[in-house]
Amino acid sequence: MATRRVRFTFEGDAVKEPVIYLVGHEFDVVTNIRMADVEHDFGWVVLEIDGDHDEIDRALSWVEQKGVRVDPVAGDVVES
Amino acid sequence: MTYATCLACRECGREFPLEPLHVCDFCFGPLEVAYDHDGIQSRITRERIESGPRSIWRYIDLLPVDEDFIVDLNVGWTPLLKAERLAERLGMRELWIKNDTCNPSWSFKDRVVAVASSRARQLGFQTLACASTGNLANSVSAHAARAGMDAIVFIPHDLEAGKVLGSAVYNPTIVSVNGSYDDVNRLCSELADNRQWAFVNINVRPYYAEGSRTLAYEVAEQLGWRAPRQVVAPMASGSLFTKIHKGFQEFQRYGLIEETPVRMIGAQAEGCSPITTAWRNETTNIRPVKPDTIAKSLAIGNPADGYYALKTMKRTDGGATAVTDPEVVEGIRMLAECEGVFAETAGGVTIAGLRQAIANEQIDPDEPTVAFITGGGLKTADAVVEHVTQPIPVEGTLQSFEEAFAEAPEPVGVGG
């Protein structure tokens, strides 16, 4: 089992989709929202995802395919 | 003995021990080093600082490192140049250039890595690590070599060979990640949780960030123990920007300089300006972007400290600028032609941002202003190579020289 801390960023129509609900149904992972700020056309959610390492990877790839940006909670860690 | 007491969450204030932690377990806010201010106050004086080494370590009382663990490459105490010719060109009365191109690996990253590597050694790490496309990897590799530590540097697989050289010469392990920028980002965030490595800007980030405050300390001391009224600094993650302001505030708190409001102006390139865009839209919600600019050292699309940079601007009656790539090149040339300082593209962003801030009346040209130049120009030579003076070809005879010289065009300056 592993835990991943990530930030989802939603823009445009992605805001209206119940992505976090669906990811818990489609994959064997547990999501736990810790912080969020959502407006009508933009929002971000910081959450923990528990599950098997590979299953979390599959779940996050699926979330990205839904048009949601997925980042580590620390933001960009690749610096010049 | 360090006066650092704990790590404290910037959001909820919860305290954590001085360990390799960077995110609050409760609210996921970023952690920051907290200090025993009374202890510092009782010890620190101008004289004590002035008698210290000519490096960032003259401020060791204000850094989260014990003296026995310092990794010393003689970082900092870089020149503060009075930029009279550039000031005249920009219509300013008093402009200063903080020239951080003079650091051991030619960028301000040496300040943050010096503190991170020293703290990493104190925490018992044997390995320094980072994910980087340039300056940070250079500095991590150099400091690891100096400390006799191992270095592991992660780079995107398509990084140009020239950029790898500045790290490779120090013989780190270089891992070329076959994937997108986001893949490198994610891999390193996971590794930081799973390996006993000090990733300087991930698991030891709270200590790393503290090094930037020394820029403000040096400027205040070099100005004759006073703060400037206005500052222009580049913004990537936003950390440098907020820490410069914090540095001036601390010197005021400890009575080392008079209480003076310092207006903070941040500079970004238009091709990666999530913080400036949020500022202009009057929101603190920063929308991540895909960077597309020649200012690669500022190309952070999802800035970790962007929110705090916005708060700093608001609190100081400051602002933000965004400049085009041609303006960046003009900025580099202007600084070089007027002051003899060759900056990398981030410096071009700063100078072009300064000019924009004057035009937008975000900066008062009559007030003392410091512009921060954070990296040397040879790091991004490709950005300007086609925009600078070309040689006049001649044979090795007087006649050939006279003929060619008579026909040579007058040097053309930039920026009016």
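Predicted model: local features only at pLDDT ≥ 70, side-chain atom pairs only at ≥ 80, totals over all residues.
Two strands count as paired here if DSSP finds at least two bridges between them. Three bridges join β10(B), residues 230-234, to β13(B), and the two run parallel.

**Around strand β13 of chain B**

- Strand β13(B) covers residues 369-373, and five of its five residues are buried, so the strand is largely enclosed by the rest of the structure.
- In a regular strand, side chains alternate between the two faces of the sheet.
- Here, Thr369(B), Ala371(B) and Ile373(B) point one way from β13(B), while Val370(B) and Phe372(B) point the other way. Both sets are buried.
- Another partner is β5(B), residues 95-99, which pairs with β13(B) in the parallel sense over five bridges.
- Asn99(B) has its bridge partner in β13(B) too, namely Ile373(B).
- So what holds strands like these side by side? Strands of a sheet pair through backbone hydrogen bonds, either parallel or antiparallel.

**The antiparallel sheet of chain B**

- Chain B also has an open sheet of three strands, in the order β2-β1-β3, and the pairing there is antiparallel.
- Its edge strands are β2(B), residues 15-16, and β3(B), residues 31-35, each of which pairs on one side only.
- Strand β1(B), residues 4-9, meets β2(B) over two bridges in the antiparallel sense.
- If you want to find that pairing in the viewer, look for Ala8(B), which stands opposite Glu15(B) in β2(B).

**Overall build of chain B**

- Chain B has 15 helices and 13 strands.
- A compact globule of 416 residues would have a radius of gyration near 22 Å, and chain B agrees because its own value is 22 Å.
- Along its principal axes, the C-alpha trace of chain B spans about 75 × 50 × 45 Å.
- Buried residues make up 54% of the 416 residues in chain B.
- Take the contacts in chain B with a separation of 6 or more: 68% of them are between residues 24 or more positions apart.

**Two domains in chain B**

- Domain 1 of chain B takes in 80-106 + 209-386, and domain 2 takes in 124-203.
- The C-alpha centres of these two domains of chain B lie 26 Å apart.
- How many residues of each domain are in contact with the other? Six residues of domain 1 of chain B touch six residues of domain 2.
- On the domain 1 side of that contact there are one nonpolar, three polar and two charged residues.

**Where chain B meets chain A**

- Across the chains, 30 residues of chain B are in contact with 18 residues of chain A.
- The elements of chain B giving two or more residues to that side are β6 (127-132), α5 (135-147) and α7 (181-194).
- The largest share, six residues, comes from α7(B).
- By class, the chain B side that touches chain A has 14 nonpolar, 13 polar and three charged residues.
- Strand pairing crosses between the chains as well: β5 of chain A, residues 78-79, and β6(B) pair in the parallel sense over two bridges.
- Within β6(B), Ser132(B) is the residue that Glu79(A) stands opposite.

Technical notes. Residues numbered from 1 in each chain as written. Chains lettered and ligands numbered in written order. Contact = placed C-beta atoms within 7 Å. Helix = DSSP H or I, 4+ residues; strand = E, 2+ residues; numbered from the N terminus. Nonpolar A, V, L, I, M, F, W, Y, C, P; charged D, E, K, R; others polar. Buried ≥ 20, exposed ≤ 12 C-beta atoms within 10 Å, placed from the backbone. Domains from an automatic or database assignment. Rg over C-alpha atoms; globule rule 2.2 N^0.38 Å.
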